[in-house]
Amino acid sequence: MRLHRRTLMAATLATFTLPGLAMAQDDTIKIGLLATFEGAFTVLGEDSERGAMVALSEAGGMAGGKKIEVIKGSSDASPDSAVRAARKLVEQDGVSILVGPLSGDEGIAVKNYALSQPDVTFINGSSAAQDTTFRDPAPNFFRFSTDGAQWMAGLGTYAYNEKGYQNVAVVAEDYSFPYTQVFGFMAEFCQAGGKVTSKSWVPIGNKDYSSVIAAIPDDVDAIYVALGGADAVNFLSQFQQAGGEAPLIGGSITVDQTVLTSKGRLKDVLIGTPAAGPIADTNDAPEWVAFVEAYKETDGAFPSPSLFAHAYYIGMKAAILALNEVDGDMSNPAAYRAALSALSFETPTGMVSLDENRNAIADMYLTEVTEDADGNLVNKLIQVTSQVNQTLGIDKEEFMALGAVSRENPSCE
Amino acid sequence: MTTEPFPDQAPARNDLIARIGAGHLALAAVLLVFPFVASDFFTTQIGAYSLIFGMLGLSLMWLAGYGGMVSLAQITIAGIAGYTVAIFGENSADVHGFGWPWWVLVPFAVLIAALASALVGWVSVRTSGIYTIMITLAVATAMFYFAQQNYTLFNGFPGFAGVKAPVVFGIDWRDPMPFYFLSLGVAILCYLAVLYASKSTFGLTLQATRDNQRRMRALGYDVTMHKVFAWFLAGIIAGLAGILLVWFNGRISPGTINVGAAINVLIITVIGGLRHPIGPFLGAVVVILMQTFAIDIVGAERFNTLIGLLFLVIVFVSPDGILGLWEKAKAHLAPGSLRSDI
């Protein structure tokens, strides 16, 4: 009996302590990959992993002469779960670089966590809230994927001048990323003379949009929709079933491949929808075409990579390029970060470099949804806005004075 | 984590060790040594986190095991305490944050949680069985959506960040070791309180009510008040857990109190076992370990399936959860010492 007990106790203790003692080998570098593998954004999370893996296989799984080991962490798009997953990757698995997270408030929460982990370098996945890098940035948090307001470059002006929409209603999810997108859209649209007369903020994971659809004023020229994943599909199919006729304007992830490839009669409402974002499906630049080919090799790939695959690709690519710069030596995080800050590299979507807040300056694409020869819905490239910075070309002080994005800010009724 | 039998129900009054129980002493030794041999991650993210969720399970076990009332609202009660700390204490969200000192804040948050719990209890005691589950699920869901969409009080989806544990006696109580011992101390207090309460007059009355409500009413007991008071006590435990949880995370948002979290607490309690207050803590350790490490075993796409399967197997093999498994294992380990401990 005594022996049994003691053995059991020893076994229990060993189980608890051993994983903590496991040391990394010298010839491997651990990179954490944090994305939403559960919850409403699962499909997006899985596509982001494909993007990261493309960057990794391009480099042959090696960087700076060392082997890269990717350890995955999962969140459900809530900030708490993202921090918990990040803690596990950093404190238990001992990653020296963490790529992620995927969505807006997760990014802000992980940035705050990054402040308490000065030895670890955080490279953003696709989270695109403005204040992840704009206000109180963390010195070890880098964003090569730009923010949601930058993604909107060109859209507001196009909607007002070319499409002739003067009066627009907004339907968007109720958290920091859609706030940022609406901010980016309205910055141009209101400047051009447009009015936004109604804003509906819906919770993530909302299923029933009938009351939202009913509340949209009849006299609007178009509806600006910034919803993602399952939320976008649910809204669009219910909008179509309700006989909605107002044309749509899309947020960056509303008319993304994760939505365009979903089953159902979304074509009727989606074709002709203008949108803007960091990618365009019909981009014929050779770098983009090569990226799409590499992407299609991965398991379960969409006909064209989503912007999540693209963002994680760029983040992982930057991590690898900077590792090459420092010859895989992670013993001095400051040197690695200097290498990251100085990066300026050619991506499938043009040159990317960082500003002093470690937020990317990159090209943005204005698109319109069309049907391609195979019957797939794709985003046709309309125009490229080159090298958009975080303040959208506005003077930094002036931009700061516009205030933090929120439900009420900006407003032009 | 325990490998020891549970204490006798009727210990010899004059023998201190027998009274405390050899099992408890050995368990206490393991828990005290644990943070010194484990990494910081295991001390806080597994150890302290399991203790916190064990306390939430304990508050449910108290209601369900002794009172026959299965509640899905325990995480909601904890969330109310957590939000109270974030709103009346300090946070970095620029919403409220009155900066009350901890020695006012903690009792206040516990009181609010206990009152909220009593209110939930008062609404739900008129129902029984599946209807109690449904009504508490409704409370939990309503509270989640309310917190998510209300910006004036709860700051909506992002919730509150920058909530810090107090620095008392020069110790930052959120550092790994102090936080572990803080959680351990509070958990032990709650555990002993439940053990004591279950044998008190009130606890026995509550159990009698669980077994035959109509007879207790006929005997002249105010059944409703007894149950509501049991909810109030459960609220104190859940409230303490909620305060620790918000200090642990440094933040609170609707994601902390969503339906998934509510069901998590139920799973922890069922997996652990409802027959003894130690059950929820065992369940918490198993569930937290699985939820943390399953992703390393099967990869990102199917780890929730693995977690679900394991829970299914435990409940299938032993309807009493891990406590039941332990009973079975004990018979194999020590054929000579088969006693009925519980």
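1. With which residue does Lys88(A) form a salt bridge, and how far apart are the closest N and O atoms? In this predicted model, the partner is Asp93(A), and the closest N and O atoms of the two residues are 3.1 Å apart. Lys88(A) and Asp93(A) are both buried, and for Lys88(A) the relative accessible area is 6%, which is under the 20% that marks a buried residue.

2. Lys88(A) also meets a residue of chain B, for its side chain forms a salt bridge with that of Asp296(B), with 2.6 Å from N to O. Because Asp296(B) lies in helix H12 (residues 279-298) of chain B and Lys88(A) in helix H3 (residues 79-92) of chain A, this pair joins two chains. Asp296(B) has a relative accessible area of 39% and is therefore partly exposed, whereas Lys88(A) is buried.

3. A further salt bridge lies within chain B, where the side chains of Asp320(B) and Arg275(B) meet at 3.6 Å, N to O. This pair links distant parts of the chain, 45 residues apart, with Asp320(B) in the loop between helix H13 (303-317) and helix H14 (321-333) of chain B, and Arg275(B) in the loop between helix H11 (259-272) and H12 of chain B. Asp320(B) is partly exposed at 36% relative accessibility, and Arg275(B) is partly exposed with a relative accessible area of 40%. Elsewhere, salt bridges that share partners join Lys88(A), Asp93(A) and Asp296(B) into one network. Over all chains, the count comes to 13 salt bridges.

4. Chain A is divided into two parts, domain 1 (26-147 + 285-363) and domain 2 (150-280 + 364-401), and the centres of these domains, taken over C-alpha atoms, are separated by 25 Å. To the contact, domain 1 of chain A gives 39 residues and domain 2 of chain A gives 35 residues.

5. The size of an interface is often given as the accessible area lost when the parts come together. For domain 1 of chain A and domain 2 of chain A, the area buried between them is about 3,100 Å², with 59% of it on carbon and sulfur atoms. On the side of domain 1 of chain A, the residues that lose the most area to domain 2 of chain A are Phe134(A), Leu307(A) and Asp363(A), which together account for 23% of what that side buries.

6. Between domain 1 of chain A and domain 2 of chain A there are 19 residue pairs in polar contact, and the count of salt bridges is one. Several elements of chain A each supply at least two residues of the side of domain 1 of chain A that touches domain 2 of chain A, among them helix H2 (42-58), helix H13 (307-325) and strand E14 (360-371). The largest share of that side, four residues, comes from E14(A).

7. The structure holds one disulfide over all chains, formed by Cys190(A) and Cys412(A), whose sulfur atoms are 2.0 Å apart. The link of Cys190(A) and Cys412(A) is left-handed, with -55 degrees about the S-S bond. It joins distant parts of the chain, 222 residues apart, since Cys190(A) is in helix H7 (residues 176-192) of chain A and Cys412(A) is in the segment after helix H15 (396-401) of chain A. Cys190(A) counts as partly exposed at 22% relative accessibility, while Cys412(A), at 14%, counts as buried. In chain B, Cys190(B) is buried, with a relative accessible area of 5%.

Definitions and conventions: Residues numbered from 1 in each chain as written. Chains lettered and ligands numbered in written order. Predicted model: local features only at pLDDT ≥ 70, side-chain atom pairs only at ≥ 80, totals over all residues. Heavy atoms only, no water. Disulfide = S-S within 2.5 Å. Buried < 20%, exposed > 50% of the residue type's maximum accessible area, 1.4 Å probe, protein only. Domains from an automatic or database assignment. Contact = heavy atoms within 4.5 Å. Buried area = accessible area lost by both parts, 1.4 Å probe. Salt bridge = Lys/Arg side-chain N within 4 Å of Asp/Glu carboxyl O. Polar contact = N/O pair within 3.5 Å; in protein donor to acceptor, adjacent residues only side chain to side chain.
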